[in-house]
Amino acid sequence: VGFINSSSANLTVQVLPDLVPLQNETVLGLNGESAVLGFQIVNASPSVTPDNIKWFFQPLNDTLLKVEIVDDGVTYMFTSDRLNLIVMNVSNEVEGTYTIEVQNEAGMDSGRVTIVIEGPPRIRMPLEDEQSVEGSNVVFTCFAIAEPIHSVYWYFTDATTSDTVLIASTTTSVDNNKYTLDLNTASDSYGLLTISNVTYGDRGTYLCNVS
């Protein structure tokens, strides 16, 4: 039996795809016009093929709904590499968050961009009633959309006296440590109101106003 004195083997290194957006996270849409949402892939090995690229749509007023987008030539069109999505006719029906998912043998990456129709701010989802134990913290989230960024005002109507007062605002300083606001305009929780250490006197109605 003969022996060999050398042997070789190849090492293949796979690289996860890395998506880079070609626009801001929020795109201003104009009614009746088209909008192009685009990404590019860097550092993917093996390369990502169009068959492994998917787009999804999530309406702004329904965070539980996520629909895969199909190129129908009417509402949506893809470029040949599927890295660019053309929204043909911008309207309230296509206002929402668009997610792209790309995958190769190494794994998956995703990116997202939101189309917001130009116009006055609108509240996406109504406030929900809260029930709390005295001494705990309560959070009210006012989900609103606007481009450019909007201002948020919170008012409180006392359940006993029916008096209404401004308790917090993103534009003015209200001298009350009981209420805090999320002022991060890049966050979905922008304008979120936290009521600290609730007491029986905090019973009443809380109103969110956006402008």
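**Notes on the model**

1. The structure holds 2 salt bridges, a salt bridge being a side-chain nitrogen of Lys or Arg within 4 Å of a carboxyl oxygen of Asp or Glu. Before the details, please keep in mind that this is a predicted model, where local features need pLDDT of at least 70 and side-chain atom pairs count only at pLDDT 80 or more, while totals for chains, interfaces and linings use all residues. Residues are numbered from 1 along each chain as its sequence is written, and side-chain values use heavy atoms, with hydrogens and water left out.

2. Strands here are DSSP runs (E, at least two residues), numbered from the N terminus. Lys66 is partly exposed, because its relative accessible area is 46%; the classes are buried under 20%, exposed over 50% and partly exposed in between, with a 1.4 Å probe and protein chains only.

3. The side chains of Asp202 and Lys178 also meet in a salt bridge, at 3.0 Å from N to O. Asp202 sits in the loop between β16 (193–195) and β17, and Lys178 in the loop between β14 and β15 (179–181), so the pair ties together parts that are 24 residues apart in sequence. Are these two residues, Asp202 and Lys178, buried or exposed? Both are buried.

4. Turning to the sheets, 3 strands form an open, antiparallel sheet in the order β14-β13-β17; strands pair if DSSP finds at least two bridges between them. Its edge strands, each pairing on one side only, are β14 (164–169) and β17 (204–210). On average, neighbouring strands of this sheet are turned by 25 degrees against each other, direction ignored. For that angle, axes are lines fitted to C-alpha atoms, and angles run from 0 to 180 degrees between N-to-C directions. Within the sheet, β13 (residues 152–158) and β14 pair in the antiparallel sense over 5 bridges, and Thr157 stands opposite Thr164 in β14.

5. Another open sheet has 3 strands in the order β11-β16-β15, again with antiparallel pairing. Here the edge strands are β11 (138–140) and β15, and each of them pairs on one side only. Neighbouring strands are turned by 20 degrees against each other on average, direction ignored. The antiparallel pairing of β11 with β16 runs over 3 bridges, and Phe140 has Leu193 of β16 opposite to it.

6. Strand β7 deserves a point of its own. Strand β7 (residues 84–87) pairs with β3 (residues 35–42) in the antiparallel sense over 4 bridges, with Asn84 as the bridge partner of Gly38. Strand β6 (residues 76–78) also runs antiparallel to β7, joined by 3 bridges, and Met77 has Ile86 as its bridge partner in β7. β6 and β7 form a hairpin with 5 residues between them, where Arg82 in the turn has a positive phi of about 65 degrees.

7. Leu85 counts as buried because its relative accessible area is 0%. As for Gly119, 34 residues away along the chain, its C-alpha atom is separated from that of Leu85 by 23 Å.

8. Back in strand β8, Thr99 is buried, with a relative accessible area of 16%. Beyond its neighbours within four places in sequence, Thr99 is in contact with Lys54, Trp55, Phe56, Ser110, Gly111 and Arg112.

9. Finally, the surface. Leu11, Val13 and Val15 form a nonpolar patch there, with about 300 Å² of accessible area together. Patches are made of residues with over 30% relative accessible area and no salt bridge, with nonpolar side chains (Val, Leu, Ile, Met, Phe, Trp, Tyr) joined within 5 Å and like charges within 9 Å; areas come from the Shrake-Rupley method with a 1.4 Å probe, and for residues only the protein chains shown count as cover. Leu11 is placed in the segment before β1 (18–21) and counts as exposed because its relative accessibility is 76%.

Methods. Contact = heavy atoms within 4.5 Å.
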